[in-house]
Amino acid sequence: MRLSRLKERLQHGADVCQITQQRIVELENVPDDRKRLRQFPTTEAASLLGVSESYLRQITKDGAEFTCGTVAGNNYRRTFSLKELHWVLAGLHEKTGDERYRRRRNDGEKLQVLAVANFKGGAAKTTTAVHLGQYLALRGYRVLLVDLDSQASLTSLFGLQPDTDVGPEETLYPVFRGEASDLKGCIRTTYWPRLDLVPANLSLGQAEFEMPVRAQREKNFAFWLVLREAIENSAEGYDVVVLDCPPSLGFMSINAIFAATGIIVPVPPSMIDFASTGQFFRMCSQVLDQVEEIDPNGKDIDFFKILIAKHSVTDQNQKQIIHLMAANFGDMLLQNPMAVTTALDAAGLRKRTYYEIDDQVGTRQSYLRGLSFLNAVNAEIEGVMLKTWGRQDTSRAANTAAGV
Ligand SMILES: Nc1ncnc2c1ncn2[C@@H]1O[C@H](COP(=O)(O)OP(=O)(O)O)[C@@H](O)[C@H]1O
Ligand SMILES: [Mg+2]
């Protein structure tokens, strides 16, 4: 094929992809052309707050202390918006003074920067990052999700089209070029209360090319600290930053590791993923060597946790790999795996997350099963996070108490 013809066909292909993507986003965004967050039924709301269902009913019914929610259907079930849940949470904390309801960090508690990383594409990095971010926002933390991947799948899950809705200056690009020293210019609010997003697009690929040039040209340019400093300059108002890393070792990934206080590595239990994860560990250890050398006292990584992702319970081969992982990684391995869930995959195709769908996809039972896997993983990570703040892990107790 002549090159000019190939170029034409590729251009056409690119247009088709863009138009299709646009169509999916448009369909998801009707009726008012904006993604909106669903209501939360009492069971789920109680679990997120960490109270029993009957207590939540009692305090939110008409005329009660925290009257809120919308009564729907003829059986008088109450559903809540996330804003209402955050309001009840703050009220409960004020009333009881109970630590369990304080989902904010104190002055002495440092900002958590959690990098979700692995070189392998399709390892469930974006899936893990977005659901962790949304779970923490549901629980009441103030969360910033940062898309470091030029492919921008995290960005498009928020109903944004990376190539038309996001300009290069609205991503981390200016930060990596040295034109901005904080994230103010690229943080945007989302339709999720307490969840902000730094979107990505192809310009981050451009930044990968430009960084080595900068590193050569500018003396004393600490190319590995760019993101860490920008996050430090924008930390106020957030409890957790979640970084969704690209599937490659480049400046973005190195910056993410230098910025992180915790690293989470999703690994699907297959031989191929396992082998490439080994390479990733080797690379991480080399980067950490450099961290130590450059910054012997300044930098700590509080935790490094491996998450078994896309676990298929009935797969015998997976069982063996999981045994191997358990035997070798010890407490680096999170106890709760994330199971393969068809509803999650289907939601992703519609640019939604598991927390945004209700039980319309598949059966109610399979939806709840998926949700319990997801919540168990996220609650465990929340527990690890609380520990680094020196707090008691109340997350898991709250989740089991409410039956989720
Ligand atoms: N637990 C799961 N169950 C079903 N599908 C999953 C699960 N986790 C991830 N996926 C799917 O796998 C694909 C790759 O996941 P993604 O998070 O985009 O990986 P990465 O960011 O590492 O490239 C996506 O289509 C996603 O929907
Ligand atoms: Mg990804």
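In this predicted model, three strands form an open sheet in the order E1-E3-E2, with antiparallel pairing. Strand E1 (40-41) and strand E2 (70-72) are the edge strands, each of which pairs on one side only. The pairing of E1 with strand E3 (residues 77-80) is antiparallel and comprises 2 bridges; within it, Phe 40 has Phe 80 of E3 as its bridge partner. E2 and E3 also run antiparallel and are joined by 3 bridges. Here Val 71 has Arg 78 of E3 as its bridge partner.

The two faces of E3 can be told apart by their cover. Arg 78 and Phe 80 make up the covered face, whereas Arg 77 and Thr 79 make up the uncovered one. Both bridge partners named above therefore belong to the covered face of E3: Phe 80, the partner of Phe 40, and Arg 78, the partner of Val 71, are buried by the criterion of 20 or more other C-beta atoms within 10 Å.

The next element to consider is helix H2 (residues 42-49). H2 is mostly covered, with 6 of its 8 residues buried. The buried residues are Glu 44, Ala 45, Ala 46, Ser 47, Leu 48 and Leu 49. After H2 comes Gly 50, which has a positive phi near 85°.

Two packed helices are described by the angle between their axes and the distance between the axes. For H2 and helix H3 (residues 53-60), the axes come within 9 Å and cross at roughly 100°. Since angles of 65 to 115 degrees count as roughly perpendicular, H2 and H3 are therefore roughly perpendicular to each other. H2 contributes Thr 42, Thr 43, Ala 45, Ala 46 and Leu 49 to the contact, and H3 contributes Glu 53, Leu 56 and Arg 57. By class, this contact of H2 with H3 contains 4 nonpolar, 2 polar and 2 charged residues. Among the contact residues of H2, Ala 45, Ala 46 and Leu 49 are also buried.

Attention now turns to backbone geometry. Most residues other than glycine have a negative phi. Lys 310, although not a glycine, has a positive phi of about 50°. Lys 310 lies in the loop between strand E10 (303-308) and helix H12 (316-329). Is this residue buried or exposed? Lys 310 has 22 other C-beta atoms within 10 Å, and it is buried because the criterion is 20 or more.

Lys 351 is likewise not a glycine, and its phi is positive, at about 60°. Its place is in the loop between helix H13 (342-349) and helix H14 (364-388). Lys 351 has 21 C-beta neighbours inside 10 Å and so counts as buried.

H13 leads on to ligand 1. Helix H5 (125-139) and H13 each supply at least two residues of the shell around this ligand. Of the 17 residues around ligand 1, those that come nearest are Lys 125, Thr 126, Thr 127, Asp 345 and Gly 348. By class, the shell around ligand 1 has 7 nonpolar, 7 polar and 3 charged residues.

Definitions and conventions: Residues numbered from 1 in each chain as written. Chains lettered and ligands numbered in written order. Predicted model: local features only at pLDDT ≥ 70, side-chain atom pairs only at ≥ 80, totals over all residues. Pairing = 2+ DSSP bridges. Helix = DSSP H or I, 4+ residues; strand = E, 2+ residues; numbered from the N terminus. Buried ≥ 20, exposed ≤ 12 C-beta atoms within 10 Å, placed from the backbone. Axes fitted to C-alpha atoms, helices over the stretch in contact; angles between N-to-C directions. Parallel < 35°, antiparallel > 145°, perpendicular 65-115°, else oblique. Contact = placed C-beta atoms within 7 Å. Nonpolar A, V, L, I, M, F, W, Y, C, P; charged D, E, K, R; others polar. Near = placed C-beta within 6 Å.
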